[in-house]
Amino acid sequence: MASASRATTDAELRAAAARGEPTPISPMGWVRLCWRGLLLVLALLVLTPLHYLFRTLAYGSPFPMYFLRFAAWVAGARVKVVGTPLRRDVFFIANHISWIDILALAGASGTAFVSKAELGEVPVVGWLARLNRTVFVKRENRMGVAAQINDLREALSDNWSVTVFPEGTVTDGQSLLPFKTSMLRVLEPPPANVLVQPVMLHYGEVAEWIGWVGDESGVNNAKRVLARRGSYPLELHFLEPFSPEDHHGRKAIAAEARDRIEEALVNALGKPLRDFEFSVGPVRYTAPERNIPIE
């Protein structure tokens, strides 16, 4: 009975957060949040000087990867890698649930990411993203597409691996949005020897609590996640890679990657995917209308 009551409370809190309401945090939740924040600051103080020292001697510092791996663990994620991530000349395409995805994927593979340019302007977060060699793009800048594609090509040759989240936003771990294909133009034509590897992220039963959806602010979501008691599983399923040369254009590449991710997610959930209940303008997705009975 107690567990059912707690599940109801969690569902109510998630729904309120999605409406943009601040989530109340218990005294122990604040203790956990502050402790985890302190661990992250200490890790930065230790690893950042080592990163810059390494960069004076060689290229490709491993310390951002170490920090992000540790940060995912501090945030409660117990990451399990399923399959074998390619180490170089790879374009990862993944579903997207949370900012934790970035910590876990980079911590497991050392990948760089493609991100909205606005992220680069956020204090601390933008700096951390640059440490991990994030490629910032302005999706609304149609005139600068060629330059952005060149940036991505350089990132692929420079970083060995780059990850995109083509849904264009985060979901609830129970849904999969249409894939946007604009950032896959780098694969038209594909750089030599580059493969595409789909990645499916699965948080299990805790996915909806971790998910950052609706009108919730990033600060509220981070506080909710970092104040949460205990840990939670996060499986990174690195699926079978394929050659983009075997598919004609970015739309076909996106469709192939999405089909593989959807199949893996359905198998992990043990049930069909559901419609995403929130409207997402940037990906031209409108939540289906729901018939609510009138009493």
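Colleague: How many bridges join strand S6 to S7, and which way do they run?
Modeller: S6 (residues 195–202) and S7 run antiparallel, with four bridges between them. Strands here are DSSP runs of E with at least two residues, numbered from the N terminus, and two strands pair if DSSP finds at least two bridges between them. This is a predicted model, where local features need pLDDT of at least 70 and side-chain atom pairs 80 or more, while totals for chains, interfaces and linings use all residues. Numbering starts from 1 along each chain as its sequence is written, and side-chain values use heavy atoms, without hydrogens or water.

Colleague: Which S7 residue is the bridge partner of histidine 202?
Modeller: That's glutamate 235.

Colleague: And what about S1 and S7, parallel or antiparallel?
Modeller: Parallel, over six bridges, with S1 covering residues 77–82. Valine 79 has leucine 234 of S7 as its bridge partner.

Colleague: Switching topic, where is leucine 38?
Modeller: Leucine 38 belongs to helix H2, residues 27–57; helices are DSSP runs of H or I, at least four residues. Its relative accessible area is 41%, so leucine 38 counts as partly exposed.

Colleague: What's the mean pLDDT of the protein?
Modeller: The mean is 83, and 79% of residues reach 70 or more; pLDDT is the predictor's per-residue confidence, from 0 to 100.

Note on methods: Buried < 20%, exposed > 50% of the residue type's maximum accessible area, 1.4 Å probe, protein only.
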